[in-house]
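Biologist: I would like to learn how to read strands and helices. Please show me on an example.

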Amino acid sequence: MAGRINDDDVKAVRDAVPIDAVVSEYLQLRNAGGGNLKGLCPFHDEKSPSFQVSPSKGLFHCFGCQEGGDTIAFVMKIDHLSFSETVERLAGTAGITLRYEEGGYNPTHQRGERIRLVEAHKAAALFYVEQLDGPEAEIGRKFLAGRGFDQGAAQHFGVGYSPAGWDHLTRYLRGKGFSDKELILSGLSQDGRRGPIDRFRGRLMWPIRDITGEVVGFGARKLRDDDNGPKYLNTPETAIYKKSQVLYGIDLAKKEIAKSSTAVVVEGYTDVMACHLAGVTTAIATCGTSFGGDHIKILRRLLMDNATAEVIFTFDGDAAGQKAALRAFEDDQKFAAETSIAITPGGMDPCELRLAEGDGAVQKLVETRTPLFEFAIRHVVTRHNLETPAGRAAALDEAAPIVAGIKNIAIQHESAVQLAGILGILDTQFVVKRVAQLARWARDRGGRGPAAPSRATSSYENQNAQQTPAGPAGPALNLRSPAHRTERELLKLALQHPGLVSPAFDAYGIDEFTAPPYAAVRQTIAEAGGAEEGTQDAPDYLARVREAAPNDTVRALVTELAVEAVHARTVDETYAGMQLVQVRLRAVDRRIRDVQGTLARLGPNADPERHTAVANELWVLQQYGRSLRNQGADAL
């Protein structure tokens with residue numbers, strides 16, 4: 001049975017791997033102010049970034065879907081790993097040797113399944129690369145050379161060769177300590193009559209890497225006529241390889257895609273190679289499947305839905321290429337980026353174009369792209385006889401909704417004018433009005449139902465009716481309430497800058513926080529030792545507070561408040577004192593109103609001692625309130 005990872009080693013891993021470095025492997029991050037970073041959330045679809053990372057605290061939080069936590073939680077969620085698998089993976093990245101309790105460290109048995117499958121693919125990739133230099137692989141080297149790829153190109157992309165024998169890789173990986181079960185699960189081997197045999201034999205091999213650079217699968221190209229398999233054979237679906245969720249070349253292209261806000265989608269492995277070698281280093285390709293929704297999500301996180309972002313599809317000019325282009329257009333509205341199409345001349349793909357006309361021709365192909373909606377319009381129009389009024393009307397009925405779907409209003413108007421010209425309709429304004437009407441109807445249909453909650457309000461406000469964290473009763477959380485806004489600011493300071501509010505904060509009662517969620521967080525901070533603990537042991541302070549939370553709901557709010565920026569240009573003792581005073585003053589005013597109510601209810605016939613005690617309490621509270629208003633934080 002696998003031992004438990006030593007707690008000190010878990011802490012060392014958490015501290016050693018910066019959260020922004022890990023998150024940046026999956027999405028583009030930009031400055032969000034206050035030392036925080038922001039990006040499009042990888043856990044839900046969104047059009048503007050609500051996902052924030054705090055490098056100084058080692059935490060992330062999405063203000064849209066409420067996912068949050070530390071580096072370990074992020075990797076567990078995004079890669080579907082167990083806690084131990086995640087710690088082991090991050091430890092490998094940081095070069096930390098883990099210690100295991102209850103039986104010591106056994107690297108073969110105690111690594112998680114996903115880690116083992118990734119390691120098997122890494123070993124296989126090195127094996128295939130070594131085989132490409134052997135005499136049997138001469139046919140593979142000739143194939144590459146015939147397409148303009150030298151040895152350096154093959155090395156850059158990790159291209160290799162799988163020997164033609166039955167079990168060369170299987171025996172090699174067994175020698176590395178991998179079990180037959182692991183080899184079958186990885187998709188590198190398959191069941192044979194006498195045990196596992198190699199899945200890929202006598203083929204040119206392209207390693208398929210995920211966005212972090214880990215090899216998760218292979219694409220294998222047939223080289224010999226006696227090979228009865230398909231032209232391209234890909235890794236089957238496994239625990240680490242989902243063809244709808246990987247893009248070939250994304251590990252090499254991601255930085256340039258984020259930098260240039262441009263991605264070029266091509267159709268094959270050699271096309272990606274040709275584009276990169278020609279200087280188009282944003283090229284990526286799907287792996288044995290059409291471009292779909294999960295691929296869009298990967299690109300959107302890198303493009304950040306920048307207004308100037310663009311996705312360029314390259315397709316052959318034949319019927320299959322046109323069909324693929326129209327499929328891509330169907331997903332156009334899922335991008336905030338503009339989408340374009342580059343049709344290769346003479347039916348050549350980018351690899352053939354580079355071979356025939358050089359690197360410049362590949363660059364020119366991308367530069368001379370056409371907006372995808374324009375391509376779709378022309379494709380629709382060609383199906384109708386524009387020589388007759390009925391044909392023009394039918395073409396307009398089919399093409400107008402396409403134009404109406406264009407997101408940019410200015411481009412939509414210009415395209416409507418262009419459509420009138422293509423159709424030969426002299427009354428241009430008729431076409432423009434028709435398109436505008438369709439666009440308005442589409443917006444109206446899309447606007448039905450409840451309005452989406454404002455991003456300026458806490459997600460907790462939306463959850464409060466269904467799930468209230470542990471804490472005293474009180475009004476529902478409402479960020480339009482000045483009291484709730486101040487309480488939120490004070491809690492953020494207590495979590496992010498405890499030295500500015502302690503020790504005064506630790507003397508505040510739970511009842512001084514009127515919103516139940518905030519009262520629960522205040523209680524959690526108290527149970528973790530108070531804000532003063534954060535001034536003495538800052539690195540572990542937030543981790544202890546999160547661990548002290550009574551449930552996941554409160555823990556999520558702790559993370560949210562620890563990541564959310566403090567709403568002040570200068571976060572200092574003066575600002576902290578203002579929040580402390582406001583929360584205390586409102587609590588005092590509430591108590592004054594309660595005592596005044598008690599005094600009124602006692603009436604003239606009340607017990608004199610009781611009446612005097614209540615009146616004295618009222619006088620003390622009123623004096624304290626006056627001091628807070630006049631002296632500020634000095635009166636606390």
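Predicted model: local features only at pLDDT ≥ 70, side-chain atom pairs only at ≥ 80, totals over all residues.

Biologist: Over how many bridges do β4 and β5 pair?

Modeller: Two strands pair if DSSP finds at least two bridges between them. Strands (E, at least two residues) and helices (H or I, at least four) are DSSP runs, numbered from the N terminus. Here β4 (residues 51-54) and β5 (residues 59-62) pair over 4 bridges, in the antiparallel sense.

Biologist: What is the strand order in the open sheet?

Modeller: The order is β2-β3-β4-β5-β6, with antiparallel pairing. β2 (30-33) and β6 (68-70) each have a single partner strand, so one side of each lacks a neighbour in the sheet.

Biologist: How are two packed helices described?

Modeller: By the angle between their axes and the distance between the axes. Axes are lines fitted to C-alpha atoms, for helices over the stretch in contact; angles run from 0 to 180 degrees between N-to-C directions. Helix α17 (residues 372-381) and helix α18 (residues 389-404) pack at about 175 degrees, with axes 9 Å apart. α17 and α18 are therefore roughly antiparallel (over 145 degrees).

Biologist: Which residues of α17 make the contact?

Modeller: Phe373, Ala376, Ile377 and Val380. Contact means heavy atoms within 4.5 Å. From α18 come Glu398, Ala399, Ile402 and Val403.

How values were computed: Residues numbered from 1 in each chain as written. Heavy atoms only, no water. Parallel < 35°, antiparallel > 145°, perpendicular 65-115°, else oblique.
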